[in-house]
Amino acid sequence: MAVGPVGQIHISVTDVDRSVAFYRDVLGIPHLFTVAGQPMAFFASGEVRLYLGVPESPEYTSRCVLYFNVDDIDAELARITDLGVPFRDQPHVVHRTDTTQLWMAGLTDPDGHHIILMQERASEA
């Protein structure tokens, strides 16, 4: 027997309210709920739940690189930049085949986790 698909990913944050605003209002990820009286918030990223929380102890502190699929990387870069969030790099091709190109561009969340937007496009003829 093997484990099933990823169900939840913990992302260590230092300020839950600030991170909720970033993931909900900047990235546009659906906010499920924030736990009253505890530094925990949950988001729905497709079938995977993102758990933003202040770690209970240092051994649970995570450093993440999160990759999000987008339909139009250029439009998302413009939308997020218009919200005042700088990107670390511009959209660029990181891999290509005869039929597709994989484009990526990166930014960081308020706690320094790398957020990478990715779009697969048909290769130009």
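The legends below accompany an overview and several close-up views of a predicted model.

**Figure 1. Overall architecture of the predicted chain.** The chain contains 2 helices and 8 strands. Read from the N terminus, its elements follow the order β-α-β-β-β-β-α-β-β-β. Along the principal axes, the C-alpha atoms occupy a box of roughly 55 × 45 × 25 Å. Of the 125 residues, 37% count as buried. When contacts between residues at least 6 apart in sequence are considered, 50% of them join residues at least 24 apart.

Figure 2. Helix α1 spans residues 16-26. Its buried residues are Val-16, Ser-19, Val-20, Phe-22, Tyr-23 and Val-26. The N-terminal end of α1 is capped by Asp-15, which places a side-chain oxygen 3.1 Å from the backbone nitrogen of Asp-17. After the helix comes Gly-28, with a positive phi near 80°.

**Figure 3. The largest pocket and its lining.** This pocket has a volume of about 190 Å³. Two or more lining residues come from each of β3 (40-45), β5 (65-69) and α2 (73-82). Helix α2 makes the greatest contribution, giving 3 residues. Sorted by class, the lining consists of 8 nonpolar, 4 polar and 2 charged residues.

Figure 4. Ser-12 belongs to strand β1, which covers residues 8-12. Its relative accessibility is 8%, and Ser-12 therefore counts as buried, since the limit for that class is under 20%. A polar atom of the Ser-12 side chain lies 2.7 Å from the backbone nitrogen of Ser-62. Apart from neighbours within four places in sequence, the residues in contact with Ser-12 are Gly-53, Pro-55, Tyr-60, Thr-61, Ser-62, Asp-111 and His-113.

Figure 5. With a relative accessibility of 21%, His-10 counts as partly exposed, because the buried class requires a value under 20%. Not counting residues up to four places away in sequence, His-10 touches Tyr-51, Gly-53, Pro-55, Tyr-60, Ser-62 and Cys-64. Gly-53, Pro-55, Tyr-60 and Ser-62 are also in contact with Ser-12. The view includes Glu-56, which is 46 residues from His-10 along the chain. The C-alpha atoms of His-10 and Glu-56 are separated by 12 Å.

Figure 6. Gln-101 is part of strand β7, formed by residues 100-108. Its relative accessible area is 7%, so Gln-101 is classed as buried. The side chains of Gln-101 and Trp-103 form a polar contact at 2.9 Å. Leaving out residues up to four places away in sequence, Gln-101 touches Val-93, His-95, Arg-96, Gln-119, Glu-120, Arg-121, Ser-123 and Glu-124.

Notes: Residues numbered from 1 in each chain as written. Predicted model: local features only at pLDDT ≥ 70, side-chain atom pairs only at ≥ 80, totals over all residues. Heavy atoms only, no water. Buried < 20%, exposed > 50% of the residue type's maximum accessible area, 1.4 Å probe, protein only. Helix = DSSP H or I, 4+ residues; strand = E, 2+ residues; numbered from the N terminus. Polar contact = N/O pair within 3.5 Å; in protein donor to acceptor, adjacent residues only side chain to side chain. 1 Å grid on protein atoms, 1.4 Å probe; cavity = no way out; pocket = protein on both sides within 12 Å on 5 of 7 lines; lining within 4 Å. Points joined across faces, edges and corners; volume = space filled by probe spheres on them. Nonpolar A, V, L, I, M, F, W, Y, C, P; charged D, E, K, R; others polar. Contact = heavy atoms within 4.5 Å.
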